[in-house]
Amino acid sequence: MYGKILPLLLAASASLFASETVVPSLIIGGGVGGGTAAIYLSRAHFQPLVIQGSNPGGALAQSESVENWPGALLVRGADLMDQIQAQAVASGAEYRNEEVVSVDFSKRPFTIVTRSVTHPQDLKTYRAASCVIATGSKPNFLGIEGEQEYWGRGVSNCAICDGSLYKDKRVGVVGGGDSAVLEALYLANIASEVDLFVRKDHFRASDETRIEALRAQSNVTIHFETELTEVLGVESGVTAVRLAQGKKVALDGLFLAIGSTPNTALFKGQVKLDEAGYIVVKEGQETSVPFVYALGDAIDPLFRQAVSAAGDGARAALAIQSKLSAQAPALIAAYRKVDLEKPLKQLASVIEVATRVQFEKELRSGELPVVVDFYATWCAPCKRIAARLESSAEQLKGKYKFLKVNVDEMGDLMKSYQIRAMPTVILFDKKGTLLEKKVGIEEIGDLLLHLEGAQ
Ligand code: NDP
């Protein structure tokens with residue numbers, strides 16, 4: 001019976017997408033959910049293409065210690081994400097350093113347009129027989145004066161990324177949810193004092209054990225019914241916050257933990273969203289559009305766990321396998337024939353500085369202006385900007401020298417140049433005089449574009 005039907009199905013499916021090369025399955029987002037979908041689909045020989053976006057590894061990659069991943073007592077988020085990606089790639093998945101700029105799910109094959117993360121002017125169009133949305137969510141902001149001005153200079157939304165910069169200093173945390181409690185607990189072990197500002201008279205957080213642990217910390221003060229109206233500071237960073245009651249509280253850093261918004265704006269009008277912008281899915285992760293699946297924090301305001309996103313990823317992948325099984329062989333055969341563009345070759349034009357003496361020597365050699373990347377191995381945004389810096393260094397060879405400094409190994413340099421957030425890039429002239437200091441991916445990207453454009 002199958003012997004007769006299968007060739008007919010294959011012929012039908014091949015003709016469905018006859019005139020173009022179609023990716024059997026395209027995954028938008030390279031976090032834990034997207035990565036798990038990639039593992040399952042690649043093991044089933046679907047050769048998924050993962051558009052990993054500007055935040056490789058997703059939210060989990062920013063977590064210094066993951067303690068609730070089954071089978072691992074304690075694991076660094078970035079290491080876990082590297083392993084998930086390696087596992088998917090070993091079975092045939094391909095990761096692209098691109099982000100999606102638009103999708104058209106109105107007809108199959110779906111159209112997905114991307115731009116390169118390192119060269120934003122480079123656009124590509126893909127056609128996909130199925131699509132998995134695994135774009136996660138992003139943190140919310142207070143919208144108060146000084147918040148953006150001191151962003152990266154004392155204001156942060158990631159204690160795990162930036163907390164170590166506040167050893168023996170006084171920091172504040174805003175929020176009353178589980179994230180705020182976790183961040184305050186994490187910071188209590190590093191900072192001398194932690195002030196937690198909760199706008200209601202009670203916590204929203206549900207983990208009583210953690211709340212008790214927080215109350216037991218002698219260096220933590222919990223301020224209920226307290227809202228912030230302004231972040232105050234000087235050139236080098238935050239010095240205080242102003243409360244709605246008018247009182248000032250002196251602080252060296254402020255961490256926001258006030259919830260998040262799903263990264264689903266791209267999909268508005270394409271798939272059904274709920275009022276808060278989360279994608280609505282049916283059993284099996286399918287969205288309102290057949291062959292489009294969604295998972296993880298993009299659909300889930302409540303649990304938002306790595307392991308639940310992974311479970312969603314497995315479900316979406318299995319649903320795709322079952323739904324596409326008739327079309328898959330023809331699609332995959334056609335896809336294999338395509339000479340896919342090879343990933344950018346690894347460049348190594350950035351010199352890693354190992355000692356202060358080497359740093360001074362390179363900086364003051366008088367040959368070229370110098371761009372210095374201050375990074376840390378635990379900082380996910382640093383990883384993102386590293387590829388961009390390598391590509392810039394290659395383009396600007398002979399015009400600028402590029403150095404990188406691991407701040408955990410060269411704490412004296414970090415102090416000398418007042419590095420208060422990661423990544424920070426400093427531009428020096430030929431004589432070693434500081435010209436510009438840029439913090440965060442956007443500012444650094446703008447600086448590099450400027451240097452590239454000016455050559
Ligand atoms: P939540 O939405 O749970 O909490 C956000 C907190 O920020 C609330 O206390 C809210 O106050 C406060 N807030 C929001 N806007 C402002 C503002 N403008 N000014 C002051 N305060 C503000 O977000 P979370 O990120 O904490 O958690 C999200 C989900 O993830 C939750 O379901 C949580 O349980 C879960 N989670 C679970 C963890 C775990 O290990 N099990 C860890 C972290 C999160 P209000 O209460 O007044 O609205």
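**The ligand and its setting**

Mentor: The model is a predicted one, and the protein chain averages a pLDDT of 88, with 91% of the residues scoring at least 70. Residues 1-19 also have a pLDDT below 50, and the model gives this stretch 17 contacts beyond near neighbours in sequence. Where pLDDT is low, the predicted coordinates should not be read in detail.

The protein chain is divided into domain 1 (2-139 + 260-336), domain 2 (155-256) and domain 3 (350-453). The ligand lies between domain 1 and domain 2, because both of these domains give residues to the shell around it.

The shell itself comes next. The ligand is surrounded by 18 residues, and the closest are Gly 176, Asp 178, Ser 179, Arg 204 and Leu 302. Helix H5 (residues 178-188) supplies the largest share of the shell, namely three residues.

In the side chain of Ser 179, an N or O atom is 2.7 Å from an oxygen atom of the ligand. Lys 200 also takes part through its side chain, where a polar atom lies 3.2 Å from an oxygen atom of the ligand. On its own the ligand has 910 Å² of accessible area, of which the protein covers 78%.

The rest of the chain may now be set around this part. The centres of domain 1 and domain 3, taken over C-alpha atoms, are separated by 34 Å. Contact between these two domains involves 13 residues of domain 1 and nine residues of domain 3.

Some details of the backbone complete the account. The peptide bond from Arg 108 to Pro 109 is cis, with omega near -5°, and Pro 109 lies in the loop between strand E4 (98-104) and strand E5 (110-116). Another cis peptide bond runs from Met 422 to Pro 423, with omega near -5°; Pro 423 lies in the loop between helix H11 (411-416) and strand E22 (424-428). Gln 285, a residue other than glycine, has a positive phi, near 70°. The loop that holds Gln 285 lies between strand E17 (260-262) and strand E18 (292-294).

Definitions and conventions
Residues are numbered from 1 along each chain as its sequence is written. This is a predicted model: local features need pLDDT of at least 70, side-chain atom pairs count only at pLDDT 80 or more; totals for chains, interfaces and linings use all residues. Side-chain values use heavy atoms; hydrogens and water are left out. A residue is near a molecule or strand if one of its heavy atoms lies within 4 Å of it. A polar contact is a pair of N or O atoms within 3.5 Å; within protein, one must be able to donate a hydrogen and the other to accept it, and residues adjacent in sequence count only if both atoms are side-chain atoms. Accessible areas come from the Shrake-Rupley method with a 1.4 Å probe; for residues, only the protein chains shown count as cover. Helices (H or I, at least four residues) and strands (E, at least two) are DSSP runs, numbered from the N terminus. Domain bounds come from an automatic or database domain assignment. pLDDT is the predictor's confidence in each residue, from 0 to 100. Contact means heavy atoms within 4.5 Å.
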